[in-house]
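Have a look at the model below before reading on.

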Amino acid sequence: MKHSKAAIAGGLLISGFLTAGPVTAQVNHPADRHDVSGMPADRSTPAERAQTRALNNQILHSNAAADAKAAADKARYEQERANYAEQNARYQDAMRRHAMQERDYRDRRQTYEALRARYAAERAAYRRHEWPRHHWATLDRDTHPVGERVALVSGAHVGTVSDEIRNPEGRVEALEVHLDNGERVWIDASDIRYSREDGVLMTDLDRRDLRAMSEERL
């Protein structure tokens, strides 16, 4: 009978010990929490949460900087593309104008040569006056006669240079003169001189011959 009471008392003691174990654990670790899957729940400290916020802010700032750089790069690319398009348009326009000028120059040269050939037979009969005693020079590559007035040997002005024809070396071959009477005439460079001192252009042709030359038409 004594042994039975002792066994019962021991069993109760063990049972009480086992029962007290989980209670003590819950009391000593109140922060232990588990999610539905049995994994420990978040137990981050205030310092860890602050570090997390700092990292998140750093990521946001990095993303914002990257977005700003991407926007700046795109804007620079668009500007460079626009500049290239504008430069290319100017280049193409210059090429078109150059081609037009070349065609126009060929047309004018053909006109001059055709007219020159037409009155070639009369050239020997043109009246030419002697050049006055002055420092007159033939036209060279550095001469820019367009827009200059043309005078006779007598000193009277007869017209203004409106165009020129040059050889491949750049030397003037002929001048187109817009006469004061409204007509136009081509004069060979051999019939033109200019003063190095004042830049005055002079022709040794007679006024009547200039008028006859201007009446030639293709």
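What follows is a short tour of this predicted model.

**Confidence**

The protein chain averages a pLDDT of 76, and 75% of the residues score at least 70. Where pLDDT is low, the predicted coordinates should not be read in detail.

**The sheet**

There are 7 strands in an open sheet, ordered β1-β6-β7-β2-β3-β4-β5, with mixed pairing. At the edges sit β1 (136-137) and β5, each pairing on one side only.

| Strand pair | Sense | Bridges | Residues facing each other |
|---|---|---|---|
| β1 and β6 | antiparallel | 2 bridges | Ala 137 and Tyr 194 |
| β6 and β7 | antiparallel | 3 bridges | Arg 193 and Met 202 |
| β2 and β3 | antiparallel | 3 bridges | Arg 149 and Thr 160 |

Strand β6 (residues 192-195) is covered on both faces: Ile 192 and Tyr 194 are buried on one side, Arg 193 and Ser 195 on the other. In a regular strand the side chains alternate between the two faces of the sheet. β6 also makes a hairpin with β7, with 5 residues between them; in the turn, Gly 199 has a positive phi of about 75 degrees.

Is Asp 163 buried or exposed? It's buried, because its relative accessible area is 12%, under the 20% cut-off. Asp 163 belongs to strand β3. Leaving aside neighbours within four places in sequence, Asp 163 is in contact with Arg 108, Val 146, Leu 175, Glu 176 and Trp 186.

Which residues of α4 (residues 207-214) are buried? They are Asp 209, Leu 210, Met 213 and Ser 214. These four cover an arc of only 140 degrees around the axis, so they lie on the same side of α4. An α-helix has 3.6 residues a turn, so residues three or four places apart point the same way. The cover over the buried residues of α4 includes β2, β3 (157-166), β4 (172-179), β5 (184-188) and β7 (201-203).

At the start of α4, a side-chain oxygen of Asp 206 comes to within 2.9 Å of the backbone nitrogen of Arg 208.

How values were computed. Residues are numbered from 1 along each chain as its sequence is written. This is a predicted model: local features need pLDDT of at least 70, side-chain atom pairs count only at pLDDT 80 or more; totals for chains, interfaces and linings use all residues. Side-chain values use heavy atoms; hydrogens and water are left out. pLDDT is the predictor's confidence in each residue, from 0 to 100. Buried means under 20% relative accessible area, exposed over 50%, partly exposed in between (1.4 Å probe, protein chains only). The arc is that of the directions from the helix axis to the C-beta atoms. Contact means heavy atoms within 4.5 Å. A polar contact is a pair of N or O atoms within 3.5 Å; within protein, one must be able to donate a hydrogen and the other to accept it, and residues adjacent in sequence count only if both atoms are side-chain atoms. Two strands pair if DSSP finds at least two bridges between them.
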